[in-house]
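Good morning, everyone, and thank you for making the time. I would like to go through one model with you, beginning at the contact between its chains and then turning to the sheets.

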Amino acid sequence: MSDVLAELQALAGGDLAAWTGLPAGLTVDDAARALGPASAEASAMIGWQLSSFVTFAATPAAPHGIRAWTRLHDVWLLEIQDPELRAPAAEQLGTPDATDRSGLGGSYRQDVYGARGLVVHVSNITDAVRRLYAIAPAPAAEILDGPLGRIEERRVPRV
Amino acid sequence: VGDFDRDEGPGAPVLAEPAPASAAAPALAPALLTFAGGAAGSRLAPARAGSRLAPAQVLRLQRAAGNRAVTKLIVARDDQHKDTHLPTADELAKINVQVNPTAPTAKGGVEKQWDGASGQPDFNNQRAALKAELSEALKNHLDGKLPWLKKQEAAPKLPLANFEGPGRAAKRAVDARYGAYTSAAALTAPVVHDRSVFAFKAGVHLKDRANPAHFTPDPADVADWMAQTDVFAREAQKRHGFNKDRSADEQTFLNDQVIKPFVAARKHDLELYDIYGFAQSSPGQIWISTALASKGAAVAGGPPPPAERWLYWSTWETLVHEYIHTLEHPAFIAMRGGNRILFEGFCEMFTEEVLLEWIPIAKGDKNAALRGEVEGKDGSGNLWPNFEEKMVPAYNPGEYADYVKRAKEIRNILGSGGENAVRAAFFQGHIELIGLRSTGKIASAPTTSAPSGMRFHQVVSDPSNGGKIETADQIATQNGVSVVELQSANPGVDLNALKAGDNVLIPVKP
């Protein structure tokens, strides 16, 4: 468990190189040991499906906090918006197993590191990471076939 | 589920009781087959005639099994699948056209190449020309928006919590119309749990684009969006045969020669545009700007200005759509994949049904509970005065218009049972009733028909989280029969051992 906690803390600090994938059976309480107290539980849509989640407090590398998506209290996905990584994702992780279009907008792509259990949505223009997802390791095709392949946001003009 | 305000609501529907954990029909069936008693005072539909049970027998059963349990076993409810059927070959063919519209016919000819591609004549000058034209288009686009954006930046911001009321109102309106369908659906425990804790909450599902804790603007993405949508930028690309999605060379040109220099020169203005110029939505949540720069300023203690009230009503309408997304059955989700007609078209079709029911009531100021929830109230708990009909936007499907048209066409193809079929498919996972397989492909026409006076019900499962099969009570509820009637129509069938895809017979009532 200490390895898992160390990996979680590294992830929350923008260090992706140490991450080996979300372990099965990780509970919110386990994650809280590494990330601090969790918020109250709520639910929202993620990749077209409803799921519960809790949020851990923001860190310098996770300015909007860390959202832990849960299934009956087990964490199945970690999400960090606009992470401030210690080094560019490609530098930390190397070549992705797969690259696909991102549903976040036309200027992004998603890079899938299946063996590490990481998916990063990256700007094609600035290389900044817009969204970071950490899950259990799985083949890239399997990951893209699931909820993480369906992450989507729509920009709606007001003026 | 809940309804709005049953005394004032527009024909508030009868809502079914939540599904029980299990049904004990087989053991009780013989004694219950003759019951005809109503459920006075209950929210269930009245029992249908045809069977009789003495009041004393009912009382004994109620004491033994509990009132709710007995009611579920012996009282028939509204038939949610009334007039539905497995689509015929002709209907399937028509549905297929709507679900999988044929790609536009190719006009022929050779695709125009980028005149700035290496090897094209004069390609360096063409690149320079395109760069200048695109940069000019982006500059003019942003300059045109900037005065309004700066007004928004300086304007007072509304508390994000003010938008929770429209969220609650949206949820109530949707639950009132479809709650009976969703509560009779087979769902795994995690899905039931996730739905039970769902509410539109500020900072969770409602986010403020002007709040750095909620949103980080991305000037490069806005500039890219402008390059793809501005009419002059699009014309310039068309003239030059340019398509950034066609090759790495074209994408690199756009990013390095146009977007990056523009972002470097106008970073702050682009951030303002990203924050105040857009809302953003994903299923079940929205990011909005709460800035309100309008001519009608609020008076202390007085009603919010009309523009603010319009914003609340507009948000209510948006959240009806976003909430309906959360009610999509996992079997429907798994089937439809990324098909926008089934994903957004069906969701917006139900949104339209809800809004066409409630917008006239809202515009006519005929439901105080609704208005109080959406607009808020004064310090004494009274509705704000000076309501005007124009504060409630008219229904508009916007970018979903074509998807909705096709979804409604599918409903119409299925005849008098079409409405129930699309609801059963979307909210309960009965995709067979709209002629689709779990793969999203069109089904084959049925080869067998049910005996006279009966129809088939195909057992559905929630495929998520390890799966959950429909219970006998859920099947009975969906089909407007009692569990006893269901068991009677299927003698010898163990209703507690059904599998997904099994067919059971439903007695059809006149």
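Predicted model: local features only at pLDDT ≥ 70, side-chain atom pairs only at ≥ 80, totals over all residues.

Residues are numbered from 1 along each chain as its sequence is written, chains are lettered from A and ligands numbered from 1 in the order in which they are written, and side-chain values use heavy atoms, with hydrogens and water left out.

Staying with the interface, 60 residues of chain B are in contact with 34 residues of chain A, contact meaning heavy atoms within 4.5 Å. The two chains bury about 4,100 Å² between them, 49% of it on carbon and sulfur atoms; buried area here is the accessible area, with a 1.4 Å probe, that two parts lose on being put together, summed over both.

The count of salt bridges between chain B and chain A is 3, a salt bridge being a side-chain nitrogen of Lys or Arg within 4 Å of a carboxyl oxygen of Asp or Glu. The side chains of Asp274(B) and Arg155(A) meet in one, at 2.7 Å from N to O. On the side of chain B that touches chain A, helix α10 (residues 248-276) of chain B gives the most, with 7 residues; helices are DSSP runs of H or I with at least four residues, and strands are runs of E with at least two, numbered from the N terminus.

Strand β9 (residues 154-157) of chain A and strand β2 (residues 278-282) of chain B run antiparallel and are joined by 4 bridges, and two strands pair if DSSP finds at least two bridges between them. The open sheet has 4 strands in the order β9(A)-β2(B)-β3(B)-β1(B), with mixed pairing. Because β9 of chain A and β1 (206-208) of chain B each have a single partner strand, they stand at the edges, and one side of each is left without a neighbour in the sheet. Further in, β2(B) pairs with strand β3 (residues 285-288) of chain B in the antiparallel sense over 3 bridges, and Gln280(B) stands opposite Trp287(B) in β3(B).

Finally, chain A has an open sheet of 8 strands, in the order β1-β2-β3-β4-β8-β7-β6-β5, with antiparallel pairing. Its edge strands are β1 (42-46) and β5 (98-101) of chain A, each pairing on one side only. Strands β6 (residues 108-113) and β7 (residues 118-123) of chain A pair in the antiparallel sense over 6 bridges, with Gln110(A) opposite His121(A) in β7(A).
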